Protein chains: 2
Amino acid sequence: MNTHIEHGGGLDRAIARFSGKAEEWLDLSTGINPEHFPLPDFTPAIWNRLPDEGLLQRVLVAGRRYYNVADDAPIVAASGTQALIQLVPKLLEASTVAILGPTYQEHAASFASAGWSVVECVTLEDVPHDARVVIIVNPNNPDGRIIARPDLLELAMTLGERGGFLVVDEAFADPHVEVSVAAYAATAPMIVLKSFGKFFGLAGVRLGFLLASEKIVEKVTGLLGPWAVSGPALAIAEHAFESDAALQEFRARIDWRRAELATVLTRCGLQEMGGTALFALVAHRDAHAIYDALCEKHILVRKFAYASQWLRIGLAADEAALARLEQALRDILRLKD
Amino acid sequence: MNTHIEHGGGLDRAIARFSGKAEEWLDLSTGINPEHFPLPDFTPAIWNRLPDEGLLQRVLVAGRRYYNVADDAPIVAASGTQALIQLVPKLLEASTVAILGPTYQEHAASFASAGWSVVECVTLEDVPHDARVVIIVNPNNPDGRIIARPDLLELAMTLGERGGFLVVDEAFADPHVEVSVAAYAATAPMIVLKSFGKFFGLAGVRLGFLLASEKIVEKVTGLLGPWAVSGPALAIAEHAFESDAALQEFRARIDWRRAELATVLTRCGLQEMGGTALFALVAHRDAHAIYDALCEKHILVRKFAYASQWLRIGLAADEAALARLEQALRDILRLKD
């Protein structure tokens with residue numbers, strides 16, 4: 001099972017340990033935009049009927065445009081990127097997969113439970129010569145490390161010669177479009193994963209996309225089966241992908257929140273060692289003590305079992321939440337107001 | 001992939017052939033309740049955050065009660081029964097599966113594409129002695145055939161001795177609780193599938209359940225991965241499962257609609273040869289001509305490539321829709337008003 005993997009969003013567990021009601025907590029433990037994109041009006045049919053094939057096709061057309069890929073680029077939608085992560089190991093006979101880490105741990109878990117030998121690598125140079133698949137989260141979660149496009153393409157070609165492919169998980173790439181290799185997924189031996197929930201602040205709806213060659217997209221579509229995405233998720237995505245002007249303002253508010261978070265962390269003497277537009281990663285020798293002390297104040301951030309000095313801190317929804325974080329950090333770090 | 005399988009709900013295709021706008025059509029081609037159960041108020045967090053683990057657990061508790069199984073019965077939720085149908089063939093090494101048919105065709109498609117040898121049987125006596133898995137939709141779609149509980153349990157035990165199991169798809173069993181074997185799924189070699197969307201009229205939300213032994217439920221949970229069901233689907237299910245009084249009235253309206261449909265079919269001289277609380281199956285030597293003539297009037301029912309005399313007709317939402325069906329049938333069958 002995947003129950004041993006720690007994720008952000010474990011508010012239930014934090015409440016069990018540190019008390020309080022969910023609504024009293026400030027949950028900054030995920031990389032999900034705290035503002036969700038406005039919802040469209042739903043027709044009763046969106047709830048009542050099976051998800052409409054025509055609507056799905058319109059979402060795929062709009063999605064191709066949003067992700068800057070060709071009008072005929074093969075793409076498939078699933079109920080969350082996680083549902084796709086579960087399927088990727090099944091596309092090839094199990095052999096060796098290398099994962100550039102540390103990173104989001106579900107990739108390793110999914111490949112391991114499908115019988116693959118999983119090797120975690122710190123740099124591209126460490127990738128074993130017999131690896132048929134390599135997984136790169138780009139930008140990486142949690143440190144924001146970015147692998148340049150040419151390096152990704154070269155690696156994909158090398159893996160293709162071995163009968164394998166590169167998996168690029170672009171879960172956090174929406175506000176970093178310049179790093180995306182989605183446009184190459186149709187022709188290079190490469191699978192690109194896109195998460196809808198993080199940037200749009202709609203993780204609850206479960207929606208993700210996979211871009212790859214026609215053959216792989218057809219196979220994944222078959223493994224998922226019909227009606228893989230809910231009607232409301234499709235209606236939301238069609239609306240969001242086509243809201244160009246609103247999207248620009250929405251994006252600007254992410255940048256504003258991110259800049260404010262950076263300012264607070266600097267004022268509190270916490271050094272950012274990475275991150276993306278949706279979260280900051282700080283290093284501190286007392287990170288776990290700070291984590292516990294924040295929990296005492298009912299503020300949840302993300303700590304890491306594999307990196308005891310790291311804390312990942314997501315965006316605060318508004319100035320009040322940010323002020324609460326700053327005051328808590330000042331108290332804990334015994335800074336003067 | 002599964003695009004060769006005909007389903008109800010193909011309104012897009014009917015419009016392409018017979019013109020009209022979607023809202024002008026009367027779609028009776030599915031077995032989905034045309035009235036959807038009232039939705040709860042959604043908090044912004046339901047959309048914004050990852051589906052909450054505590055909420056999922058509450059839904060499973062309420063679901064066990066709703067399905068009349070033990071408080072500790074193993075159960076797992078997925079984004080629609082179809083997502084579970086995709087996984088069931090992966091629970092055993094591929095061998096022979098027997099499907100009691102004709103029935104919902106996605107079971108056969110899923111097993112076939114996972115490498116199983118698929119045998120369609122008309123009666124239980126036809127099931128080959130080397131079949132390790134048998135699939136029974138109960139009540140059956142489209143003819144409503146019901147296999148009695150003792151026969152199902154005996155078959156499950158036989159399959160268990162062969163290292164296999166029985167799959168009972170109870171997609172249409174909610175309004176026929178007396179046929180359900182869900183309470184035996186924890187201990188017998190049996191997988192029971194439950195569809196949320198059909199009875200509750202909420203097929204768009206994608207929600208289904210699988211009940212089986214702890215070992216199977218754990219394996220399916222692992223294959224699905226975390227956050228397999230959307231937040232709105234969970235909120236809706238918690239609300240619906242716990243609305244005892246509203247559920248009784250909701251159920252009564254299904255029965256009323258079904259009785260009205262039966263009356264109309266009888267008045268039009270169409271003989272019911274089966275069905276469930278959510279649809280009627282009629283036989284007529286000119287079924288395909290009637291289907292086309294109904295389409296000309298922008299009324300969609302379900303025809304069957306494998307049974308040219310059958311038409312499946314779902315419930316009409318209200319008296320106006322039912323009157324429209326009756327007038328169309330009278331015109332087509334040249335009956336006097």
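**Figure 1. Aromatic pairs in the predicted model.** The count comes to 42 aromatic pairs over all chains. The model in which they were counted is a predicted one. A pair of aromatic rings is described by the distance of the centres and the angle of the planes. The next two views give both values for one pair each.

**Figure 2. The ring pair of A:Tyr67 and A:Phe209.** The two rings are edge-to-face, with 5.8 Å from centre to centre and 65 degrees between the planes. The angle counts as edge-to-face because it is over 60 degrees. A:Tyr67 belongs to the loop between helix H3 (53-66) and strand E2 (75-78) of chain A, while A:Phe209 belongs to strand E8 (residues 208-211) of chain A. The two residues are 142 residues apart, and the pair links distant parts of the chain. A:Tyr67 has a relative accessible area of 5% and is buried. A:Phe209 has a relative accessibility of 0%, so A:Phe209 counts as buried too.

**Figure 3. The ring pair of A:Phe200 and A:Phe241.** This pair is edge-to-face, at 6.0 Å centre to centre and with 75 degrees between the planes. A:Phe200 lies in helix H7 (residues 197-200) of chain A, and A:Phe241 lies in helix H9 (residues 231-241) of chain A, so the pair ties together parts that are 41 residues apart in sequence. Both A:Phe200 and A:Phe241 are buried.

**Figure 4. A cluster of aromatic rings.** Ring pairs link A:Phe37, A:Tyr66, A:Tyr67, A:Phe196, A:Phe199, A:Phe200, A:Phe209, A:Phe241 and A:Phe250 into a cluster.

**Figure 5. The setting of the close-ups in chain A.** Chain A has twelve helices and 13 strands. The radius of gyration of chain A is 20 Å, close to the 20 Å that the globule rule gives for 337 residues, so chain A is as compact as a globular protein of that length. The C-alpha trace spans about 60 × 55 × 35 Å along its principal axes. Of the 337 residues, 59% count as buried. Among contacts between residues at least 6 apart in sequence, 70% join residues at least 24 apart.

**Figure 6. The surface and charges of chain A.** Chain A exposes about 13700 Å², and carbon and sulfur atoms supply 51% of this area. Chain A carries 31 positive and 42 negative charges. The mean positions of the positive and the negative charges are 4 Å apart.

Key
Residues numbered from 1 in each chain as written. Chains lettered and ligands numbered in written order. Predicted model: local features only at pLDDT ≥ 70, side-chain atom pairs only at ≥ 80, totals over all residues. Heavy atoms only, no water. Helix = DSSP H or I, 4+ residues; strand = E, 2+ residues; numbered from the N terminus. Rg over C-alpha atoms; globule rule 2.2 N^0.38 Å. Buried < 20%, exposed > 50% of the residue type's maximum accessible area, 1.4 Å probe, protein only. Contact = heavy atoms within 4.5 Å. Areas by Shrake-Rupley, 256 points an atom, 1.4 Å probe, with all protein chains shown as cover. Lys, Arg positive; Asp, Glu negative; His and termini not counted. Charge placed at Lys NZ, Arg CZ, Asp CG, Glu CD. Phe/Tyr/Trp six-rings, centres within 6.5 Å; stacked < 30°, edge-to-face > 60°.
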